[in-house]
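This briefing covers one protein model, grouped by topic. Look at the sequence and the structure first, then read the points below.

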Amino acid sequence: MALVNDIDLAASLADVAGRVLLDLRRCNLLTGKALGEAGDQTANAFLVRAIRHQRPDDGLLSEESADDKARLEKRRVWIIDPLDGTREYSEGRDDWAVHVALTIDGEPVVGAVAEPARGTLWRSDKATLADLHKKPGILVSRSRAPECAIKTCAKLDVEMLPMGSAGAKTMAVLRGDAIAYLHAGGQYEWDSAAPVAIAKAAGLNATTLDGRPLVYNQPESWMPDLLVSRPEWTERLHGALHLAA
């Protein structure tokens with residue numbers, strides 16, 4: 001079997017899983033919660049099987065699988081979210097994504113994010129940062145915009161932009177739709193690993209809200225917060241966040 005390089009593997013995995021998810025939604029045999037659960041399970045089964053087949057010696061962390069702590073002994077660990085934005089997917093929206101990342105020594109060095117309903121596949125080796133082409137705004141969760149985001153937007157006099165998937169929000173910053181994506185209140189490593197790999201490769205800053213580096217493949221996969229920002233806005237954002245604390 002010919003060895004696929006890591007970024008091509010990540011991109012192929014995200015792309016195929018995304019197409020499977022689109023086909024599952026288009027068949028109209030499932031709706032609502034049942035559709036979301038089927039999407040999570042189907043995409044996860046494919047991704048896990050393919051990674052185990054292609055990279056049997058690597059560790060793996062997935063939202064939809066039991067956490068195998070053997071990953072903690074590995075330098076190379078794949079971190080995947082088979083369907084980021086399950087709610088949006090089941091509602092027929094387009095702001096959902098598939099995340100596939102490879103971390104080495106805790107750093108997300110390879111990432112692919114598929115936005116299947118938008119026909120977009122992002123890769124960490126090809127992503128570029130577009131010019132800001134809209135009024136400055138900060139992307140936040142559709143369901144739970146954090147208080148610090150509300151205060152930060154007010155201090156900077158920028159718009160707050162609710163959106164679904166963490167991957168979709170991060171890619172929107174890359175597209176030039178916003179100055180930052182801000183999340184507080186906790187999320188998991190699989191929510192941000194692939195988007196952060198792409199964001200950093202394209203020149204965005206990605207840290208905790210107080211500026212600390214993001215470290216992955218930890219014993220506890222819960223992460224407290226996240227700020228992905230255009231570099232020319234990062235200092236102002238950290239200043240506003242400090243005042244909002």
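In strand β8, Ala-180 is the bridge partner of Ile-138. Strands β6 and β8 pair in the parallel sense, over two bridges. Helices (H or I, at least four residues) and strands (E, at least two) are DSSP runs, numbered from the N terminus, and two strands pair if DSSP finds at least two bridges between them. This is a predicted model, in which local features need pLDDT of at least 70, side-chain atom pairs count only at pLDDT 80 or more, and totals for chains, interfaces and linings use all residues. Residues are numbered from 1 along each chain as its sequence is written, and side-chain values use heavy atoms, with hydrogens and water left out.

**The sheet that contains β6 and β8**

- An open sheet of five strands has the order β7-β6-β8-β10-β9, with mixed pairing.
- Its edge strands are β7 and β9 (205-207), each of which pairs on one side only.
- From one strand to the next, the twist averages 20 degrees; axes are lines fitted to C-alpha atoms, for helices over the stretch in contact, and angles run from 0 to 180 degrees between N-to-C directions.
- Helix α4 (residues 147-156) packs on this sheet and touches β6, β7 and β8, where contact means heavy atoms within 4.5 Å. The direction of α4 makes about 145 degrees with that of β7.
- Helix α5 also packs on this sheet, touching β6, β7, β8 and β10 (222-229), and its direction makes about 160 degrees with that of β8.
- Five bridges join β6 to β7 (residues 159-163), and these two strands run parallel. In β7, Pro-162 is the bridge partner of Val-140.
- Strand β6 (residues 137-141) is mostly covered, with five of its five residues buried; buried means under 20% relative accessible area, exposed over 50%, and partly exposed in between (1.4 Å probe, protein chains only).

**The sheet from β1 to β5**

- Five strands, in the order β1-β2-β3-β4-β5, form an open sheet with mixed pairing.
- Strands β1 (59-62) and β5 (120-123) stand at the edges with a single partner strand each, so one side of each is left without a neighbour in the sheet.
- The twist here averages 15 degrees from one strand to the next.
- Strand β4 (residues 107-115) and β5 run antiparallel and are joined by four bridges. Ala-112 has Arg-123 as its bridge partner in β5.
- Helix α5 (residues 166-174) packs on this sheet, touching β2, β3, β4 and β5, and its direction makes about 95 degrees with that of β4.
- Helix α2 (residues 32-54) lies across β1, β2 (76-84) and β3 (97-104), running at about 155 degrees to β2.

**A residue in α2**

- Ala-45 lies in helix α2. Ala-45 counts as partly exposed because its relative accessibility is 47%.
- Ala-45 and Ala-17 are 28 residues apart in sequence and 9.6 Å apart in space, C-alpha to C-alpha.

**The largest pocket**

- The largest pocket is lined by 24 residues, and those nearest its centre are Asp-84, Gly-85, Arg-144, Gly-164 and Asp-191.
- A pocket is found on a 1 Å grid over the protein atoms alone, as an open set of points where a 1.4 Å probe fits, with protein on both sides within 12 Å along at least five of seven lines; lining residues have an atom within 4 Å of a point.
- Strand β8 gives the largest share of the lining, five residues.
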